[in-house]
Amino acid sequence: MQSKRLPQNYRGVVAPPSRWSREFGRRAARLRNSITGPVILPPYRDAGARALSSSATPSHGDFAIASDRGFTLIELLVAITILAIVAVLGWRGLDSIVRARVALTNSMEQTRGTQISFAQLENDSEHMAGPDLLPVRETLRAEQQRLTLIRTVFDDNQPTRLQVVAYRLQDGVLSRRESQPTRDLNVLDQYWQNALNNADSMPVVALQANIASISMRTWNIDENGWRTGGTDVPAPNANGDTKAAAPKKGLEVSLQVIGQERPMLKVFLLGAV
């Protein structure tokens with residue numbers, strides 16, 4: 001069987017383009033011309049009409065300019081307001097931290113001063129001279145805002161000596177004074193009287209500041225209870241002699257610090273050493 005040859009210019013059967021393909025072709029051509037093709041504008045009489053025509057027919061450069069625009073005034077005001085609020089909140093937090101640190105530092109200083117004062121009081125109370133050394137003399141007088149006692153001093157290569165120690169609260173400062181150690185009872189009596197009359201020249205050491213008040217109570221050996229400081233001060237008799245007070249075995253000291261609700265209280269044993 002002999003095959004038939006097709007003509008040389010035969011292209012086959014070409015289907016006519018559909019409506020959708022024609023619309024897609026028109027849109028593609030229009031998009032290609034708007035991006036790459038030159039824009040030919042007719043001559044206009046003034047610049048206002050030219051600007052209007054250019055804005056009515058945007059090109060690729062127009063889209064770039066529109067995308068690179070800056071912030072508006074409202075956006076800048078909103079950003080500045082947010083930054084101001086954050087700055088105020090940060091400043092308040094920092095200020096509260098600084099205030100808490102200052103209050104904590106002051107509290108630590110007050111606690112340290114109280115510990116030093118109580119430690120010195122404890123040392124003096126433990127070394128207070130008892131009735132075995134001074135049987136007919138008063139060795140402790142606890143009055144309001146003032147404490148005076150006689151204690152023993154032990155130094156290397158030195159015999160046991162006696163010393164007058166005086167605590168006093170004045171202008172919110174608790175201070176301590178001490179006399180020179182001595183073995184002469186007459187000199188000791190002079191130190192004692194000068195300390196009671198605030199006529200001594202002993203050096204003053206400030207222990208703690210910001211003290212509102214100090215109160216003391218004593219525990220007498222022949223009594224079964226606490227006695228308010230200053231109520232057992234011996235009074236002179238008709239002959240002018242002063243009777244020694246009852247021996248004391250305990251001392252209670254209460255320090256009221258300015259700014260604290262409750263006082264600092266501690267009990268000391270007298271003559272424990």
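Which residue in E2 does Ala142 stand opposite? I shall answer that in a moment, after a word on the model.

This is a predicted model, in which local features need pLDDT of at least 70 and side-chain atom pairs count only at pLDDT 80 or more, while totals for chains, interfaces and linings use all residues. Residues are numbered from 1 along each chain as its sequence is written, and side-chain values use heavy atoms, with hydrogens and water left out.

The residue opposite Ala142 is Leu147 in E2. Helices (H or I, at least four residues) and strands (E, at least two) are DSSP runs, numbered from the N terminus. Two strands are called paired if DSSP finds at least two bridges between them. E1 and strand E2, residues 146-153, run antiparallel and are joined by four bridges. They belong to an open sheet of five strands with antiparallel pairing, in the order E1-E2-E3-E4-E5. Its edge strands are E1 (140-143) and E5 (204-208), each of which pairs on one side only. Neighbouring strands here are turned by 25 degrees against each other on average, direction ignored. For such angles, axes are lines fitted to C-alpha atoms, for helices over the stretch in contact, and angles run from 0 to 180 degrees between N-to-C directions.

Helix H4, residues 73-126, packs on this sheet and touches E2, E3 (161-170), E4 (173-178) and E5. Contact means heavy atoms within 4.5 Å. The direction of H4 makes about 125 degrees with that of E5.

E8 and E9 pair over six bridges in the antiparallel sense, and Met264 in E9 is the bridge partner of Leu255.

Next, the nonpolar cores. A nonpolar core is a set of buried Ala, Val, Leu, Ile, Met, Phe, Trp, Tyr and Cys residues joined through side-chain atoms within 4.5 Å. Buried means under 20% relative accessible area, exposed over 50%, and partly exposed in between, with a 1.4 Å probe and protein chains only. The largest core has 21 residues, of which Leu121, Leu140, Leu147, Leu251, Val253 and Leu255 touch the most other members. H4, E1, E2, E3, E6 (211-220) and E8 (248-257) each supply at least two residues of this core, and E8 gives the most, with four. Leaving aside neighbours within four places in sequence, Val253 has contacts that include Phe118, Leu121, Ile214, Met264 and Phe268.

Beyond residues up to four places away in sequence, Gln256 touches Asn210, Ile211, Ala212, Ser213, Glu261, Arg262 and Pro263.

Finally, the aromatic rings. Rings of Phe, Tyr and Trp (its six-membered ring) pair if their centres lie within 6.5 Å; planes under 30 degrees apart count as stacked, over 60 as edge-to-face and the rest as tilted. The count comes to two aromatic pairs. In one of them, Trp219 and Trp226 have ring centres 5.4 Å apart and planes at 80 degrees, so the pair is edge-to-face. Trp219 is partly exposed at 28% relative accessible area, and Trp226 is partly exposed at 31%.
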